[in-house]
Amino acid sequence: VFSSLIEKAFEKKENLHPIIRKSTNYINNNYAEDITLDSISKVANVSSVYLSRLFKRELGITFVQYLTRVRVEKSKRLISCGNNKIADIAKSVGYIDEKYFYRVFKKMMGMSPSEFKKMVKTQS
(Lines give C-alpha, C1' and ligand atoms only; values in the text may rest on other atoms or scores of the structure.)
Protein backbone atom coordinates (compact mmCIF):
# COMPACT_ATOMS: atom_id res chain seq x y z
CA VAL A 1 0.00 0.00 0.00
CA PHE A 2 2.71 2.47 0.97
CA SER A 3 4.88 1.63 -2.03
CA SER A 4 1.96 2.67 -4.20
CA LEU A 5 1.63 5.90 -2.18
CA ILE A 6 5.29 6.71 -2.81
CA GLU A 7 4.90 5.80 -6.50
CA LYS A 8 1.75 7.91 -6.73
CA ALA A 9 3.52 10.83 -5.09
CA PHE A 10 6.42 10.60 -7.52
CA GLU A 11 4.27 9.95 -10.59
CA LYS A 12 2.54 13.25 -9.98
CA LYS A 13 5.65 14.84 -8.54
CA GLU A 14 5.30 17.84 -10.80
CA ASN A 15 1.78 18.28 -9.40
CA LEU A 16 2.92 18.20 -5.78
CA HIS A 17 3.44 21.44 -3.96
CA PRO A 18 7.15 22.36 -4.12
CA ILE A 19 7.35 22.44 -0.32
CA ILE A 20 6.03 18.86 -0.14
CA ARG A 21 8.48 17.74 -2.85
CA LYS A 22 11.34 19.30 -0.89
CA SER A 23 10.11 17.84 2.41
CA THR A 24 9.54 14.30 1.09
CA ASN A 25 12.91 14.33 -0.67
CA TYR A 26 14.54 15.34 2.60
CA ILE A 27 12.71 12.60 4.51
CA ASN A 28 13.53 9.97 1.89
CA ASN A 29 17.22 10.85 2.09
CA ASN A 30 17.47 11.38 5.86
CA TYR A 31 14.90 8.98 7.34
CA ALA A 32 17.48 7.51 9.75
CA GLU A 33 18.02 10.89 11.40
CA ASP A 34 15.99 12.37 14.24
CA ILE A 35 13.41 14.07 12.04
CA THR A 36 10.55 16.12 13.44
CA LEU A 37 7.90 18.27 11.86
CA ASP A 38 9.76 21.29 13.26
CA SER A 39 13.06 20.24 11.73
CA ILE A 40 11.46 19.66 8.33
CA SER A 41 9.60 22.96 8.51
CA LYS A 42 12.96 24.69 9.02
CA VAL A 43 14.39 22.89 5.98
CA ALA A 44 11.34 23.93 3.96
CA ASN A 45 11.37 27.43 5.49
CA VAL A 46 7.69 27.35 6.51
CA SER A 47 5.79 27.05 9.77
CA SER A 48 5.19 23.58 11.13
CA VAL A 49 1.41 24.20 11.15
CA TYR A 50 1.45 25.09 7.44
CA LEU A 51 3.64 22.12 6.59
CA SER A 52 1.37 19.79 8.53
CA ARG A 53 -1.65 21.02 6.57
CA LEU A 54 0.21 20.69 3.28
CA PHE A 55 1.16 17.08 4.02
CA LYS A 56 -2.44 16.17 4.73
CA ARG A 57 -3.77 18.05 1.70
CA GLU A 58 -1.16 16.90 -0.82
CA LEU A 59 -0.53 13.31 0.29
CA GLY A 60 -3.64 12.48 2.30
CA ILE A 61 -1.56 11.46 5.33
CA THR A 62 0.20 13.27 8.15
CA PHE A 63 3.90 14.01 8.33
CA VAL A 64 4.36 11.33 11.02
CA GLN A 65 2.50 8.76 8.92
CA TYR A 66 4.71 9.54 5.94
CA LEU A 67 7.93 9.32 7.96
CA THR A 68 6.79 6.07 9.57
CA ARG A 69 5.88 4.54 6.23
CA VAL A 70 9.22 5.50 4.71
CA ARG A 71 11.05 3.93 7.65
CA VAL A 72 8.99 0.74 7.54
CA GLU A 73 9.47 0.41 3.76
CA LYS A 74 13.23 0.84 4.16
CA SER A 75 13.27 -1.70 6.99
CA LYS A 76 11.32 -4.20 4.86
CA ARG A 77 13.99 -3.96 2.18
CA LEU A 78 16.77 -4.42 4.73
CA ILE A 79 15.01 -7.41 6.31
CA SER A 80 14.50 -8.96 2.86
CA CYS A 81 18.06 -8.39 1.67
CA GLY A 82 20.20 -9.96 4.32
CA ASN A 83 20.89 -11.42 7.70
CA ASN A 84 21.01 -8.20 9.69
CA LYS A 85 19.64 -8.31 13.20
CA ILE A 86 16.28 -6.64 13.65
CA ALA A 87 17.75 -4.35 16.32
CA ASP A 88 20.41 -3.16 13.85
CA ILE A 89 17.80 -2.60 11.16
CA ALA A 90 15.64 -0.62 13.59
CA LYS A 91 18.56 1.69 14.38
CA SER A 92 19.53 2.05 10.73
CA VAL A 93 16.06 3.35 9.83
CA GLY A 94 15.82 5.80 12.72
CA TYR A 95 14.39 3.88 15.68
CA ILE A 96 16.48 3.92 18.83
CA ASP A 97 14.04 1.74 20.74
CA GLU A 98 13.81 -1.73 19.21
CA LYS A 99 10.55 -2.53 21.03
CA TYR A 100 8.92 0.59 19.63
CA PHE A 101 10.10 -0.39 16.16
CA TYR A 102 8.50 -3.81 16.61
CA ARG A 103 5.17 -2.20 17.59
CA VAL A 104 5.22 0.26 14.69
CA PHE A 105 6.19 -2.44 12.18
CA LYS A 106 3.51 -4.84 13.43
CA LYS A 107 0.85 -2.14 13.36
CA MET A 108 1.67 -1.26 9.75
CA MET A 109 2.40 -4.72 8.39
CA GLY A 110 0.12 -6.91 10.49
CA MET A 111 3.11 -9.01 11.53
CA SER A 112 6.30 -8.56 13.50
CA PRO A 113 9.63 -7.95 11.77
CA SER A 114 10.65 -11.50 12.69
CA GLU A 115 7.50 -12.94 11.15
CA PHE A 116 8.08 -10.81 8.05
CA LYS A 117 11.65 -12.14 7.82
CA LYS A 118 10.41 -15.75 8.03
CA MET A 119 7.76 -15.07 5.39
CA VAL A 120 10.34 -13.57 3.01
CA LYS A 121 12.69 -16.54 3.51
CA THR A 122 9.93 -19.07 2.77
CA GLN A 123 9.03 -17.20 -0.44
CA SER A 124 12.62 -17.22 -1.68
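Select Phe55: setting aside residues within four places of Phe55 in sequence, Phe55 is in contact with Ile20, Ser23, Thr24, Ile27, Gly60, Ile61, Thr62, Phe63 and Tyr66. Contact here stands for heavy atoms within 4.5 Å. The model is a predicted one, in which local features need pLDDT of at least 70 and side-chain atom pairs count only at pLDDT 80 or more, while totals for chains, interfaces and linings use all residues. Numbering starts from 1 along each chain as its sequence is written, and side-chain values use heavy atoms, with hydrogens and water left out.

**The whole chain**

Switch to a cartoon view. The chain has 8 helices and 0 strands, where helices (H or I, at least four residues) and strands (E, at least two) are DSSP runs numbered from the N terminus. Read from the N terminus, the order of elements is α-α-α-α-α-α-α-α. Of the 124 residues, 40% count as buried; buried is under 20% relative accessible area, exposed is over 50%, and partly exposed lies in between (1.4 Å probe, protein chains only). Of the contacts between residues at least 6 apart in sequence, 58% join residues at least 24 apart.

**The core**

Which residues touch the most other members of the largest nonpolar core? Ile27 and Phe55 do, in a core of 31 residues. Two or more residues of this core come from each of H2, helix H3 (37-44), helix H4 (48-59), H5, helix H6 (86-92), helix H7 (98-109) and helix H8 (113-123). H5 gives the most, with 6 residues. A nonpolar core is a set of buried Ala, Val, Leu, Ile, Met, Phe, Trp, Tyr and Cys residues joined through side-chain atoms within 4.5 Å.

**H2 against H5**

Next select residues 18-30 (helix H2) and residues 63-80 (helix H5), which pack at an angle of about 35° with their axes 10 Å apart. The contact is formed by Thr24, Ile27 and Asn28 from H2, and by Phe63, Tyr66, Leu67, Val70 and Lys74 from H5. By type, the residues of this contact are 5 nonpolar, 2 polar and 1 charged. The classes are Ala, Val, Leu, Ile, Met, Phe, Trp, Tyr, Cys and Pro as nonpolar, Asp, Glu, Lys and Arg as charged, and the others, Gly among them, as polar. The axes are lines fitted to C-alpha atoms, for helices over the stretch in contact, with angles from 0 to 180 degrees between N-to-C directions.

Stay on H5 and pick Val70. Val70 is buried, with a relative accessible area of 1%. From the C-alpha of Val70 to that of Ile27, 43 residues away along the chain, the separation is 7.9 Å.

Thr68 is also a residue of helix H5. Is Thr68 buried or exposed? Thr68 counts as buried, at 16% relative accessibility. Apart from neighbours within four places in sequence, Thr68 is in contact with Tyr95, Val104 and Met108.

**Helix H8**

Move to H8 and display Pro113, Phe116, Lys117 and Val120, which are buried. Viewed down the axis of H8, the buried residues fall within an arc of 100°, so they line one face of the helix. The arc is taken from the directions from the helix axis to the C-beta atoms. Against which helices do the buried residues of H8 pack? They pack against H5, H6 and H7. Now turn to the other side of H8, where Lys118 and Thr122 are exposed.

Select Lys42 in helix H3. Lys42 counts as exposed, at 67% relative accessibility. Lys42 and Ser23 are 19 residues apart in sequence, with 9.9 Å between their C-alpha atoms.

Continue to Asn45, in the loop between H3 and H4. Most residues other than glycine have a negative phi, and most peptide bonds are trans. Phi of Asn45 is near 60°, a positive value in a residue other than glycine. Asn45 is exposed, at a relative accessible area of 69%. Its C-alpha is separated by 8.6 Å from that of Ile19, 26 residues away along the chain.

Finish at Val46, which lies in the loop between H3 and H4. Which residues does Val46 touch, not counting those up to four places away in sequence? Val46 touches Ile19, Ser41 and Leu51. Val46 and Ile19 are 27 residues apart in sequence, and 8.4 Å apart from C-alpha to C-alpha.
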